[in-house]
Amino acid sequence: ITTATGTQGELQAESNLTFDGNTLTLEKAYLQSNQVTLTANTTTTILDSVNTINVSMGITIEYIIMDIDATNMRGGTFMAVTNNTSVKVTETMTTDFGDTSDIELEGTLSGGDLRLQGVNNNASANYFIIYIARELSF
């Protein structure tokens, strides 16, 4: 990515700032957004870490989960951190419009990645999660 320097016609290359069309990277910090379908009665990967875990990593997502007509919906923040051995998670969310209690978010390790998953325990309804994710790694 190049940035303007303030001098007419002069640009500066930012070697530590990149964008691949989906993820904005600044050294070891990553920002991305997406929408994922949480299929009925299925566990779905929402996000795999962009960077392979070296020592430790954390991912925070701000999200909205809803069914197709938005009669069942909640918003919140989900955080997961890992030391490359185990994962600790926390979630803060709004109260529901309708009922989204069939949807659970979880953090797991998959190879060298920190993975966020959505578990849809509803037997027939698909849900959607729209999110912005921030990832930090060390």
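**Salt bridges in a predicted model**

Colleague: What makes E62 and R134 a salt bridge?

Modeller: A salt bridge is a side-chain nitrogen of Lys or Arg within 4 Å of a carboxyl oxygen of Asp or Glu, and because the closest N and O atoms of E62 and R134 are 3.3 Å apart, the pair counts as one. This is a predicted model, in which local features need pLDDT of at least 70 and side-chain atom pairs count only at pLDDT 80 or more, while totals for chains, interfaces and linings use all residues. Residues are numbered from 1 along each chain as its sequence is written, and side-chain values use heavy atoms, with hydrogens and water left out.

Colleague: Which parts of the chain does the pair of E62 and R134 tie together?

Modeller: E62 lies in strand β7 and R134 in strand β12, so the pair joins parts that are 72 residues apart in sequence; strands here are DSSP runs (E, at least two residues), numbered from the N terminus.

Colleague: Why is E62 called partly exposed?

Modeller: Buried means under 20% relative accessible area and exposed over 50%, with partly exposed in between (1.4 Å probe, protein chains only). E62 has 39% relative accessibility, so E62 counts as partly exposed, and R134, at 36%, is partly exposed too.

Notes
Helix = DSSP H or I, 4+ residues; strand = E, 2+ residues; numbered from the N terminus.
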